[in-house]
Amino acid sequence: MSNAVEFHRVSRRFGAVTAVDDVSFSIAAGETVALLGPSGCGKTSILRVIAGFERPDHGTVSIGGRDVTALKPYERNVGLLFQHYALFPHMTVAENIAYGLRHRGADRREIPDRVEAMLALVRLQGFGSRRPHQLSGGQQQRVALARALATRPGLILLDEPLSALDAKLRQDLRAELKQVLAAVNSTAMVVTHDQEEAMSLGERVFLMQAGRIVQVGAPSDVYGRPGSRFAADFMGRTNWIEAQVTRRETGLARALSRSGLSLTVPDCPSDAIDICVRPENIILSAADDADQHGMANSAKGRILNVALLGSTRQILVEMAGGEQILVMQANRVGDGLGPGQAVTIGFPVDACITMPAGNPTGLAA
Amino acid sequence: MTGTAKRLGDRLLGGAMIAMLGLVLAFLVTPLLVTCLLAFDARSFLGPLPPPALSMRWFEKLVSLDYVTTGLATSLKIAVLTTSVDVFIGTAAAVALDRSNFPGRSLVMAVFLSPLIVPAVVIGFALLLFLSRIGIVDGFTRLLCGHIVITLPYVVRTVLASLSGRDRRLTEAALVLGATEHQAFWNITLPLIRSGMVTGAVFAFAVSLDDVAVSMFLTDPSTYTLPVALVSNMRASFDLTIAAAAVLLMAVSAVLIIVLERFVGFDRLLGQGLFRS
């Protein structure tokens, strides 16, 4: 079976700005991909090129094996869930959902049944005669999803699908969105700047930066094995330790940080290295805890502050040499951790990601 | 400054604002009220207010005057025709201006809106010369042309405003759902700019009904609008029929607004905000 979406060397410029810079990728049929990147990285332009709102300056776009580069939006069958839903305000919910069916030549007698089925899919039975402004944000979002899926598009694009909702609702809808996408079994591309959304919805993550896709992989890979400082920072909070390799063993390197921490890390071809350690992979204990002695890397420090985030907390520790290390752990009641307390932190070798220093973007120099 | 002094300052400022509001309202409304009162004055001369007795005599005289009934009929015909043409041309022009992005766009827009700024006397005189040069000497056609020129900017402006206030993603949503650009315009854009079209039409109708300056140049002995007829006759013989005519025109406006409120709904007329997500 051919790929659901294929980009071949696509570029799109707006004046002096290259929004999409020679991008190639393919998405397998039935796959859900998250296109992730900071605002202005070109991800929205890619979405608009796929939907047919923008024509690429160079390159070709195929959907389901058909070259659609020069086709108008209505000549492709792509579903699009807009960031702010873009429901037609002068139509009822049912009319909104039926709009695509009417314009894609569905049998008129079948439209009401199909609308009902879509309402059921997004659990909004009985809302057909309401107007969009009578619905809550979450309900509007579900109507928009039903409208986008009603014509059974082979490909559905979701533009920041949850960013307009508040945090609690977002988590509920994320799960629901995932279920619905699985139920209709179509290829999906989620465009988002939120790495949580990307990791929870996408089977693969395409990480974008400055018009290019800089890393592709399963969410756990992109998070756990970032290819660049940019990737590591964008996927989540991280500690950076700048260090110099002093000795190499099989697959391992001994390194000395600027402030004098002695560390054992995975080997890296460069002598000047940046070490990335995710805050949740660091174990923190009282000053003279013997447990830490088994760790490949451990060091003593003092708590600067503790930020309570609910189920987790972030603890900022100042090491003896002056480095500040962020530790994230499950919030336990009453263990009395507080500023000023002497602690030991430790982390294993495989919690460290090493990369050559001085290549913050990861892009070819 | 102490807390009480600050509060006092605020309160004085608030009081001054309310007083100013009241003054402006009085300035706007009092002449209308006086006119209404005078229209029902039973005296045959302009006497001090309030009138000692009320009557319908000025209204009776008004409808008995040939020039008034003829003028009113012409005015209404011109206003209705002008408004219809305006809504059609004005909406088309606004949509074209909204879509296009050519270099002279702002110049074209300025030309469309220029009748709002160019003095009416200039427009009237220029039109008179131009129309007679191209052979249009019929009073009704001349008035119609003149009224379209002076009222078109209102429709163009209100439709442009509602076009720029609409959400362009709605059109994109329609396209991606399989509608052609043509269908998206009829199904999505047009219903969303309807309030702008209606507002523009109301303005166009009211301005057309009210115009004197341009119409003066374009009337002929047998075709004249009501305001022109009233102004001409006020000079010949001044009595209170003109107050009665003013009340009549006010009533037409009021009825127009009420009818619109029923048909379109005031929230749509004023509140395009409703239509943004």
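This is a predicted model: local features need pLDDT of at least 70, side-chain atom pairs count only at pLDDT 80 or more; totals for chains, interfaces and linings use all residues.

Student: Which element is B:L256 found in?

Tutor: Helix α11 of chain B, residues 241–264.

Student: And what does B:L256 touch, not counting residues up to four places away in sequence?

Tutor: With those left out, B:L256 touches B:V202 and B:F205. For a sense of distance, B:I242 is 14 residues apart from B:L256 along the chain, and their C-alpha atoms are separated by 21 Å.

Student: Switching to chain A. In what order do the 4 strands of the open sheet come?

Tutor: The order is β2-β1-β4-β5, with antiparallel pairing. β2 (17–27) and β5 (66–67) of chain A are the edge strands, each pairing on one side only.

Student: How many bridges join β1 to β4 in chain A?

Tutor: There are 5 bridges between β1 (residues 5–14) and β4 (residues 58–63) of chain A. In that pairing, A:E6 stands opposite A:S62 in β4(A).

Student: Which strands does helix α1 of chain A lie across?

Tutor: Helix α1, residues 43–51, lies across β1, β2 and β4 of chain A, and runs at about 60 degrees to β2(A).

Student: What about β20(A): why is that strand largely enclosed by the rest of the structure?

Tutor: Strand β20 (residues 352–356) of chain A has 4 of its 5 residues buried, so the rest of the structure largely encloses it. β20(A) runs antiparallel to β14 (residues 272–277) of chain A, joined by 5 bridges. A:D274 has A:M355 in β20(A) as its bridge partner.

Student: Last topic, the largest nonpolar core. Which residues touch the most other members?

Tutor: A:L35, A:L157 and A:L207, out of 149 residues in that core. Helix α8 (residues 181–210) of chain B gives the largest share, 11 residues.

Student: And where does this core lie relative to domain 1 and domain 2 of chain A?

Tutor: Between them, because domain 1 (5–233) and domain 2 (237–287 + 295–356) of chain A both give residues to it.

Student: What does A:L207 touch, beyond residues up to four places away in sequence?

Tutor: Its contacts include A:L36, A:I213, A:V222 and A:F234.

How values were computed: Residues are numbered from 1 along each chain as its sequence is written. Chains are lettered from A and ligands numbered from 1 in the order in which they are written. Helices (H or I, at least four residues) and strands (E, at least two) are DSSP runs, numbered from the N terminus. Two residues are in contact if their C-beta atoms, placed from the backbone, lie within 7 Å. Two strands pair if DSSP finds at least two bridges between them. Axes are lines fitted to C-alpha atoms, for helices over the stretch in contact, and angles run from 0 to 180 degrees between N-to-C directions. A residue is buried if 20 or more other C-beta atoms lie within 10 Å of its own, exposed if 12 or fewer, and partly exposed in between; C-beta atoms are placed from the backbone. A nonpolar core is a set of buried Ala, Val, Leu, Ile, Met, Phe, Trp, Tyr and Cys residues joined through C-beta atoms within 7 Å. Domain bounds come from an automatic or database domain assignment.
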